[in-house]
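Dear colleague,

I am handing over the structure below, and after it I set out what was found. Please read the notes with the coordinates open beside them.

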Amino acid sequence: MLRGLVAAVDPASVVAVVNTGDDVVLHGLHVSPDLDTVTYTLAGAINRETGWGLVGETWAAMDALERYGPGLTWFRLGDRDLATHLYRTHRLHEGVPLSTVTAEIAAAWNLRLRLLPMTDDRVETRVDVVDDGEIGFQEYFVGRRHAVPVRGVRYAGADEARPAPGVLAALEAARTVLICPSNPILSIAPLLAVPGVRAAVEKRREDTVAVSPIVAGAAIKGPADRLLVELGHESSVVGVARLYAPLACALVIDEADAGLARAVEAEGMRCVVAPTVMHGPAEAEALARVCLQAIAST
């Protein structure tokens, strides 16, 4: 979605506020998976087969680490990717806030947009799974391949966190606020849990458009559809509308769900029907333009 957006408008006019509830410390290193995936994707360096990590990566460090125990490499970090985590951890230990480090990393990859973590404080997405209780997000998502049923999700530390510098100002000043088609529970809700962020988005409701991550009742990738049902929501564009109606005036849904447009509007949102499955850059840019036009035409 972001790749399409920076193709549709001047990248320097884009501010991306990114979830850090997935962040984890591994081997003493601070890993920010969502920030890194955004960075690598926009830099054209992402491994498109996996959707994470760097293309052409090597794994010498992980292979060597397995000598000391296979359980140490359940979350694999490529050799070049390790450099990002080494740099981030070094700078954080120097007392530099995550938002500043993120800007440094983005600049090193020649990104023109402004990339912001949702907070400089520690917020951790915790998942309550059936049988085993609460575990960290990465243990759920990577360690257990998000294949275990979930009873609840919480965002530890969110109540005490503060939005990173620039986050609230960006939401206030933006011509359009776009909620990307990410997992509503695991990727969007952590941002909204940081005090002040939800209120800032609600204040801009008439300038906010969301894209449904659910198409024909299913997630394009990841566990969003199962998770919505497990937590008592409906895995449909109507279920997404119920979650986002207080935040956005419009919801973009795929053509496959055109028959549910009236039901979406009954939840209090204007419904825009368009192709939302982004097979490549052309579809992503087209969808970005649809989102921008959805607000421009109100």
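**Loops with a positive phi**

N110 is placed in the loop between α5 (98–108) and β4, where helices (H or I, at least four residues) and strands (E, at least two) are DSSP runs, numbered from the N terminus. Before going further, please note that this is a predicted model, in which local features need pLDDT of at least 70 and side-chain atom pairs count only at pLDDT 80 or more, while totals for chains, interfaces and linings use all residues. Residues are numbered from 1 along each chain as its sequence is written, and side-chain values use heavy atoms, with hydrogens and water left out.

The phi of N110 is near 60°, a positive value in a residue other than glycine. With 66% relative accessibility, N110 counts as exposed; here buried means under 20% relative accessible area, exposed over 50%, and partly exposed in between (1.4 Å probe, protein chains only). R145, in the loop between α6 (137–143) and β7, also has a positive phi, of about 55°, although it is not a glycine, and R145 is exposed, its relative accessible area being 65%. As background, most residues other than glycine have a negative phi.

S32 lies in the loop between β3 (29–31) and α2, and at 0% relative accessibility S32 counts as buried. Leaving aside neighbours within four places in sequence, S32 is in contact (heavy atoms within 4.5 Å) with D23, R88 and L98. Helix α2 itself (residues 33–42) is mostly covered, since eight of its 10 residues are buried; among them are P33, D34, L35 and Y40. After α2 comes G44, whose phi is positive, near 75°.

**Strands and sheet**

Strand β1 is joined by four bridges to strand β4 (residues 114–117), and the two run parallel, with V18 standing opposite P117 in β4; two strands are taken to pair if DSSP finds at least two bridges between them.

Three strands form an open sheet in the order β6-β5-β7, with antiparallel pairing. Because β6 (133–136) and β7 (150–156) stand at the edges, each with a single partner strand, one side of each is left without a neighbour in the sheet. Neighbouring strands of this sheet are turned by 25° against each other on average, direction ignored; axes are lines fitted to C-alpha atoms, for helices over the stretch in contact, and angles run from 0 to 180 degrees between N-to-C directions. Strand β5 (residues 124–129) is joined to β6 by four bridges, running antiparallel, and D128 stands opposite E134 in β6. Helix α8 (residues 184–193) packs on the sheet, where it touches β5 and β7, and its direction makes about 35° with that of β7.

**Cysteines**

A search of the whole structure finds zero disulfides, a disulfide being a pair of cysteine sulfur atoms within 2.5 Å. The sulfur of C180, a residue that counts as partly exposed at 23% relative accessibility, is 8.0 Å from the closest cysteine sulfur, in C291, which is too far for a bond. The sulfur of C271 is 12 Å from the closest cysteine sulfur, in C249, again too far for a bond, and C271 counts as buried at 13% relative accessibility.

With best regards
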